[in-house]
Amino acid sequence: MAIKPVLLYPQDEKKLRTRSQKVKKMHTEVQTLMQDLKDTLLTKPGAGLAAPQIGVHKRIVVVRFGQDEGEMQAPLALVNPVILETGPLTKGFDGCLSLPRISTWDTLRPAWLRFRAQDESGKPFEMKVEGIDAALVHHEVDHLDGIFFLDRLSGGAKLYISMTTEEGEKLVLLDNLSSL
Ligand SMILES: [Zn+2]
């Protein structure tokens, strides 16, 4: 039986900063890992999850494309993803399941990118994505290299935290970044 995956938070920064290793063979263990990542992502308010976020340093991420269209697709596993080409950097939304409740609109990510990866059966494929989908792939591939979204903030970036108030869930500007 698979162990229930646990999401790592900034207190496990050392593990989140470790570079992940290439997947060489699509063993049963790798299949289980992909399923764990998908299952975990489906229970969280996010569009992507990388293996190091559950403490496994293998180059596998799962992503849910389609946020721009307002409908998130089923999780798709990308094994050994490599970014081949990127468009100009633009500021955009970012958040991370390893840093719950904090989001920004000031992360610098490519407006589009082309990547290569292997699918769940190990078959290589190439894809071009843009907008939020491009930011998502970029964010998840960063995790495989130990890069956190806070590392990609533009100068003068603003961070927001979601808080429960009397009027419900609200985004509040964190004007004192040093208090983080
Ligand atoms: Zn993340």
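1. A residue is called buried if 20 or more other C-beta atoms lie within 10 Å of its own, exposed if 12 or fewer do, and partly exposed in between, with C-beta atoms placed from the backbone. Helices (H or I, at least four residues) and strands (E, at least two) are DSSP runs, numbered from the N terminus. The model is a predicted one, in which local features need pLDDT of at least 70 and side-chain atom pairs count only at pLDDT 80 or more, while totals for chains, interfaces and linings use all residues. Residue numbers start from 1 along each chain as its sequence is written.

2. Helix α3 is mostly covered, with 11 of its 13 residues buried. Among them are Leu136, Val137 and Val141, together with His138, His139 and His143. From its first C-alpha to its last, α3 reaches 19 Å, close to the 18 Å expected at 1.5 Å a residue; the expected span is 1.5 Å times one less than the number of residues. Just after α3, Gly146 takes a positive phi of about 75°.

3. The sheet deserves attention next. Five strands form an open, antiparallel sheet in the order β1-β2-β3-β6-β7, where two strands pair if DSSP finds at least two bridges between them. Because β1 (48-50) and β7 (124-130) stand at the edges with a single partner strand each, one side of each is left without a neighbour in the sheet. The twist averages 40° from one strand to the next; axes are lines fitted to C-alpha atoms, for helices over the stretch in contact, and angles run from 0 to 180 degrees between N-to-C directions.

4. Within the sheet, β3 (residues 76-86) and β6 (residues 112-118) run antiparallel and are joined by five bridges. Val79 stands opposite Gln118 in β6.

5. Which strands does helix α2 lie across? Helix α2 (residues 28-42) lies across β1, β2 (60-63) and β3, at about 35° to β2. Helix α3 (residues 132-144) also packs on the sheet, touching β1, β2, β3, β6 and β7, and its direction makes about 155° with that of β2. Contact here requires C-beta atoms, placed from the backbone, within 7 Å.

6. Overall, the protein chain comes to three helices and nine strands. Its C-alpha trace spans about 50 × 40 × 30 Å along the principal axes. Buried residues make up 29% of the 180 residues. Of the contacts with a separation of 6 or more, 59% are between residues 24 or more positions apart.

How values were computed
Contact = placed C-beta atoms within 7 Å.
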